[in-house]
There are 4 protein chains.
Amino acid sequence: MLSAIKGSFIIAQTPFDERGAVDLASIDSLTEFYLGHGADGFVVLGVSGEGGKLTPEEAQQVSGRFIARAQGKPVIVGVSNPSTAQLALLAKQAMDQGASGVMIAPPGGLRTEVELLGYFATVFGMIGDVPTVLQDFPGSTGVWMSVPSILKLVESHAQIQVVKEEDLPSLEKITQLRAGGGRRVAILTGNNGLYLPQEMGRGIDGPMAGFSHPEMLSGVYRLFTQGREDEAHDLFDRYLPLLNYEAQGFWGVAARKEVMRRRGAIRHATMRMPGPKLSAIHMGEIDRLLRNLERTLAARR
Amino acid sequence: MLSAIKGSFIIAQTPFDERGAVDLASIDSLTEFYLGHGADGFVVLGVSGEGGKLTPEEAQQVSGRFIARAQGKPVIVGVSNPSTAQLALLAKQAMDQGASGVMIAPPGGLRTEVELLGYFATVFGMIGDVPTVLQDFPGSTGVWMSVPSILKLVESHAQIQVVKEEDLPSLEKITQLRAGGGRRVAILTGNNGLYLPQEMGRGIDGPMAGFSHPEMLSGVYRLFTQGREDEAHDLFDRYLPLLNYEAQGFWGVAARKEVMRRRGAIRHATMRMPGPKLSAIHMGEIDRLLRNLERTLAARR
Amino acid sequence: MLSAIKGSFIIAQTPFDERGAVDLASIDSLTEFYLGHGADGFVVLGVSGEGGKLTPEEAQQVSGRFIARAQGKPVIVGVSNPSTAQLALLAKQAMDQGASGVMIAPPGGLRTEVELLGYFATVFGMIGDVPTVLQDFPGSTGVWMSVPSILKLVESHAQIQVVKEEDLPSLEKITQLRAGGGRRVAILTGNNGLYLPQEMGRGIDGPMAGFSHPEMLSGVYRLFTQGREDEAHDLFDRYLPLLNYEAQGFWGVAARKEVMRRRGAIRHATMRMPGPKLSAIHMGEIDRLLRNLERTLAARR
Amino acid sequence: MLSAIKGSFIIAQTPFDERGAVDLASIDSLTEFYLGHGADGFVVLGVSGEGGKLTPEEAQQVSGRFIARAQGKPVIVGVSNPSTAQLALLAKQAMDQGASGVMIAPPGGLRTEVELLGYFATVFGMIGDVPTVLQDFPGSTGVWMSVPSILKLVESHAQIQVVKEEDLPSLEKITQLRAGGGRRVAILTGNNGLYLPQEMGRGIDGPMAGFSHPEMLSGVYRLFTQGREDEAHDLFDRYLPLLNYEAQGFWGVAARKEVMRRRGAIRHATMRMPGPKLSAIHMGEIDRLLRNLERTLAARR
């Protein structure tokens, strides 16, 4: 059951070659990189995974490759789409490929709870019995879901097994979701992991985020579950300057891909157009952040 | 050249059967209905054509069928999509099917002229030499384009041959676009035709709108081009109560489909979910509007 | 009790002189004009009354003058303000001046029902026992309130005695509000009266709108309450071309002021900056609409 | 000239007592606290200063008190207001009180460059020769200004002497503003200082932000201007976990006020309603962050 998941879930990047074509070979190295740094599962074709820039056929190739390489770890496929017909198609294809579930965020334009509940009634009527991560990411979708609304959705739709909570701020919402009673779902958090220690303290089941150093996400998770909170905070704080830099929207994703390229996880840092291109100034900023991180980590040992 | 188009272009509905499946047979009767009431061309898979509720395969079937039945009149295919890769694919497919061009509106989330120009540079770089209708419909897209921005887009991209102007209000914008100089493009207007007489007076090339009585759109257009402005206004005013009723967003589209079903243009008034369902009260309102329209038209003869 | 109001409430314009100063003398003639054309009450300092362009002192002058001239008819004062402290101050001042109540719309930025209920709990805690019109006008505020949310607000706050319903479309919402049960409040509708006949048919207590010909609003209201629905529709339809023209946002308000100037209601059609200025083309459009209206009305007699 | 300002400008909190009344005595201690930790100037009545929750009279009291206590350092007063008439009044009052200038952000609802330029033409025509900080804060205002638009505003209005750049991300925009040529204005940055080291590296003139430890803002500024970039980064990184916590919108402001209360800067941490109230969990999170900060700072010595 997806509702019992715990651990460090990675929002996976989609690698492109220098011309912007999907780089399937880099998916292999990237998956290995994630697993080698503690990933307990994956979400592919999310917002920062540039899922929205792919054709349906490319999207299938990408999700299929990740699933094939995930060594049995759960892979969740982002299928949010303004067309419910296309969303249903994508969900079916993902499950046929062997995905553990899908992730759905409400489309822009839903404005009241009535509209929100109506939308998901339609969607879950169409996709049937597919395990689903409900993504609460208003900064990207423009749709704000209150805690009572999320709890109503959970009660109405057994398919929802996980809430990905990445409203900003997230802390109070996590506390209220946990206090809300009703059927238990897993809660994992995004927002690049910027508030992971506090979120763990408020009872989440792990991060669901992207970062060039996934060992921080999995490390903080594991230290916390072992009751070593001070060490978890210390680990987090060391990476925070870089994490903060990678939290600059798509500019942050561009930086993340560049760092992961340097670490050998992918062959090219290319983002598909339309998207940002790092300048020499950005490169200098990244150089310094990595230098400082290395020094901080060395001092710790 | 699409830039020379003139006349009454119909934003075509997509017919569905009672279960919500695409009703291809009704496309045949619908196209005949439109042509029999003065249509000079078509736009298919637009917003009110419920294009966003179709799978890519269904979308192709629908556009293909309309093109096959259009008796040589130009058919423009709506290909707006949050994914530029998918947009490019849809544009290619449409042109391969024999479309006269495509219609593109900017995706939600573009917020400055810089972002707007960047978006279309990417898009036109991808789709190549495809005749394009630029749709200015901020009420639907959430993207506001100023007149200087539209003129810059026209100057930068020879593909733009038509501007569909449906900002609300539209009048001042039409006057400024026409006064803007530069390469001449056709300007047609949407917004359900609510301001068609004034828009014709300000120099547009015709309506590009949907209405259950397309003979009004084509009639107003023709009377205006013959210099019979008073008659054009009179004709428009007779239909305005029903037109106004059909201008209620997707509720208005539902009413329009119901009226067109009664007129024999389509077999079912079904809208695909998620969408509104007319109640008995709506039906009573429509009954009265049609009764009044009939009386008004009879009085005129 | 404001909850028992019925009739034709006018959203009053604020007159300015040619330099943009408040024209108090024109408030006298304007009030007389409204009363002479059937107004049963007033709302001053609303959105289309340019209330947001006044200083607090000017706002007080305007509301005070309207109240002094209203011949005992109820005057409701718009006090919506992003600052709750200032809103409370404005509400107190209005009631001290002799207003019958205040009108409040939620401020931009409220995004969920939880935030909405929290906002009004704060506001009603601050203003105390002041009869209130709750304005549902998402096209202007950017805040969407569902029917269940409005009903919750009504149940929680005895101050709410009227709902001004001007979501677009409004029809289904009116039916649902009336079917919602609970404490009875008056429902009046805005949106320039564009759907007044259907709204009356769905059980509202009258229009709360602005129009250069308030005799249409009061006439449709009275015919409807006398059971003469066909005549009500006929009357409405005659004015609809002009009404539709005046529904073009602030451009429509500018046209309305110009028509009211021509009718002698105010001395100047000036709108305070920033605001639209009518061109010669607009004037020509208005000329024609008034000519057609005169002819249509003459034909009726 | 405001355009020559450099240094660490503090976005000042407004202190309230436990009942929510303005606490003028705490303004004195707060100003002293800021000056004692390196402040080179102040901005009062900004967004995080809860300026929008005050009555006009309270706002005047607050700005007057800060100006009286600022020991000759420049004080800039936030006067953004949806009513241009009220904005002009507030600007006049601020300058009469001895402010060095005003800060203005565009009001929500401006959507194109044409509207933006029109708005500021009106505003600057009304307020006359008042030194102005143009605030670019789309996350709060909902108005996105491109770099070309900002440069046009600077060229058109000599009153603009400072740009407060707090779009997110800010880095690329700073580089482009500096490269844009034209009249030189100061650029200071907000966003709680989250990217201060990189922003300094890209040529800003200092922070214009709020933080419970203003010695970090002034310290980073001074180290950078002395060419001690590595030390500047180190200093910044030590405070980043707390800074990040204080960056949670109004929840972050509540935490900031609590920390400043503990440091003796203000007597009460109260935020005026509507606003967040910290729970015991928040207090525990703040305890830990302060404990960690203390340890980190101790280790450095």
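**Asp23(B)**

Buried stands for under 20% relative accessible area, exposed for over 50%, and partly exposed for values in between (1.4 Å probe, protein chains only). I placed Asp23(B) in the loop between β1 (9-11) and α1 (24-36) of chain B. Helices (H or I, at least four residues) and strands (E, at least two) are DSSP runs, numbered from the N terminus. Not counting residues up to four places away in sequence, I listed Pro15(B), Phe16(B), Asp17(B), Arg267(B) and His268(B) as touching Asp23(B). Contact is taken as heavy atoms within 4.5 Å.

I noted the conventions here. The model is predicted, so local features need pLDDT of at least 70 and side-chain atom pairs count only at pLDDT 80 or more, while totals for chains, interfaces and linings use all residues. Residues are numbered from 1 along each chain as its sequence is written, chains are lettered from A and ligands numbered from 1 in the order in which they are written, and side-chain values use heavy atoms, with hydrogens and water left out.

**The sheet of chain B**

I traced an open sheet of eight strands in chain B, with the order β7-β6-β5-β4-β3-β2-β1-β8 and parallel pairing. At its edges I found β7 (186-189) and β8 (208-209) of chain B, each pairing on one side only. Two strands pair if DSSP finds at least two bridges between them. Within chain B, strand β5 (residues 132-136) and strand β6 (residues 160-165) pair in the parallel sense over five bridges. I recorded Val133(B) opposite Val162(B) in β6(B).

I then turned to Thr132(B), which is found in strand β5 of chain B. Thr132(B) is buried, with a relative accessible area of 1%. Leaving aside neighbours within four places in sequence, I found Thr132(B) in contact with residues including Leu2(B), Val102(B), Ile104(B), Phe124(B) and Gln161(B). Thr132(B) and Val163(B) are 31 residues apart in sequence, and I noted 8.6 Å between their C-alpha atoms.

**Chain A**

I counted 12 helices and eight strands in chain A. The chain A sheet is open, has eight strands in the order β7-β6-β5-β4-β3-β2-β1-β8, and shows parallel pairing. β7 (186-189) and β8 (208-209) of chain A each have a single partner strand, so one side of each is left without a neighbour in the sheet. Strands β5 (residues 132-136) and β6 (residues 160-165) of chain A pair in the parallel sense over five bridges. I recorded Asp136(A) opposite Glu165(A) in β6(A).

I checked His233(A) in helix α10 (residues 229-245) of chain A. His233(A) is buried, with a relative accessible area of 5%. Leaving aside neighbours within four places in sequence, His233(A) is in contact with Pro197(A), Gln198(A) and Phe224(A), and also with Arg288(D) and Asn292(D).

The C-alpha atoms of chain A fill a box of roughly 50 × 45 × 35 Å along the principal axes. Buried residues make up 62% of the 301 residues. Of the contacts in chain A with a separation of 6 or more, 71% are between residues 24 or more positions apart.
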